[in-house]
Amino acid sequence: MDGGYNNYSSTYGGGGGGGGGFMPGEMNNSPSGGKSDYANQTLRPITIKQALDAIQPYPEAPYQIDSAEISSICFIGQVRNISSQSTNVTYKIDDGTGEIEAKQWIDSMTADSMDTDDAANPKATRGRDGKVELNGYAKVFGKLKSFGNKRFVGAHCVRPVKNLDEVHCHLLEASAVHLFFTRGAPGAGAGAGGGGGVKGDAAMGGTGDEYGAGAGGVGKNLPAMSPVAKRVYQLLRTEPQSNEGLHAQLIAAKLSLPMPDVARAGDELLTAGVIFSTVDEQTWAILEF
Amino acid sequence: MSLQTPRILPSHLHAFHPSSTGPRTSHTVRILGTVTALRGDTATMTCGNHGDVTLILKPDSHLQMGKLVEIIGKVADLDNGSGVGIRVLGSTDWGSPADCDYKIYEHVVNATHKLKPIFYDE
């Protein structure tokens with residue numbers, strides 16, 4: 001039994017939504033340490049073990065988890081200790097995978113405007129969730145920091161969690177995002193998933209019969225491609241359209257994506273030979289056999 | 001290294017038993033279930049349709065019948081030699097079992113054991 005649950009089956013199609021919008025590999029291309037991470041405004045759900053295991057490639061560098069730079073993080077755990085000082089409140093949080101301290105600075109200036117952090121401001125009206133309690137569950141939003149050799153989280157917001165499903169959902173979300181970064185986006189066999197990608201390529205050269213089979217989901221045998229390209233492909237599949245297909249502007253609007261991203265995704269799909277341009281270069285339709 | 005408490009289902013109990021061979025050093029686990037019987041210093045918890053677990057209570061554990069509780073405890077032999085149970089170290093009351101979807105917990109247990117790198121050390 002012990003060995004029984006170690007082997008991972010590669011079917012995780014269900015929970016992929018969590019990480020949408022950024023590509024693995026995109027994160028590593030800023031070698032300058034001083035460069036701030038304004039471009040990386042992500043909020044990543046993680047476990048405390050991931051926070052403790054996060055890698056700092058060189059001193060003062062942004063932390064990385066699964067080779068992707070992290071910006072803001074969030075996690076849910078049980079509050080094991082609350083220590084209130086005059087300038088900050090420190091929570092010790094334990095989520096079963098590890099323990100870390102979350103430090104929330106008290107800013108008297110925000111006392112009347114912030115209704116998200118009731119702990120820092122005891123006089124504020126309590127939200128409907130009440131206050132963070134000892135041994136209760138709390139969700140922490142913040143940034144990973146270190147002081148000396150000790151890691152902690154500079155918390156923007158600490159709020160109580162009253163629904164167990166939310167705790168479980170978070171753990172699954174953290175799993176999904178971890179898989180996104182380590183194995184690629186779900187759906188396409190993800191390229192990174194070893195055999196899956198090869199099979200997809202074979203299907204490309206072959207009849208492409210299997211394309212239609214993936215009803216609802218993105219076709220199972222698509223070659224590895226970026227998440228944006230996959231979304232564009234998915235939209236082209238599902239959106240009602242004439243045989244002229246859809247214009248890039250319309251796709252951008254439907255997916256709420258900037259035009260350059262859609263254009264890049266279009267190029268990717270054109271190169272892969274899964275779509276073709278119809279009335280002009282910006283209007284695309286699915287290439288079906 | 002702080003203490004880790006893997007989330008489990010009753011079928012995993014023996015894997016965390018002190019006698020089980022393996023590199024595991026900790027026998028402390030987390031388990032979720034509904035309190036279905038209270039007998040003074042022991043209690044029975046039903047874990048969805050995964051069967052029952054006997055809990056060895058400590059004097060200050062206040063479990064209530066019919067409530068969904070999350071237990072943190074050590075896997076231990078029962079006094080009467082009737083198998084394996086959990087010696088309760090801490091418990092969290094989550095109210096009515098109807099407010100939680102046990103299926104999600106099953107998926108969490110599955111995911112946590114398949115994705116050791118982000119959840120638990122070996």
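Which strand of chain B do two bridges join to strand 1 (residues 7-8) of chain B?

## About the model

This is a predicted model, in which local features need pLDDT of at least 70, side-chain atom pairs count only at pLDDT 80 or more, and totals for chains, interfaces and linings use all residues. Residues are numbered from 1 along each chain as its sequence is written, while chains are lettered from A and ligands numbered from 1 in the order in which they are written.

## Strand 2 of chain B and its partners

The partner is strand 2 (residues 28-39) of chain B, and the two run parallel. Here, strands are DSSP runs (E, at least two residues), numbered from the N terminus, and two of them pair if DSSP finds at least two bridges between them. In this pairing, Ile8(B) faces Ile31(B) of strand 2.

Strand 2 of chain B is also joined to strand 5 (residues 68-77) of chain B, antiparallel, by seven bridges; Val29(B) stands opposite Gly73(B) there. Five bridges link strand 2 of chain B with strand 3 (residues 42-46) of chain B, again in the antiparallel sense, and Leu38(B) stands opposite Ala43(B). Two residues lie between the strands of this hairpin, where Gly40(B) has a positive phi near 65°.

## Where helices of chains A and B meet

Helix 2 (residues 164-183) of chain A packs against helix 1 (residues 102-114) of chain B at about 35°, the axes being 9 Å apart. Helices are DSSP runs too (H or I, at least four residues); axes are lines fitted to C-alpha atoms over the stretch in contact, and angles run from 0 to 180 degrees between N-to-C directions.
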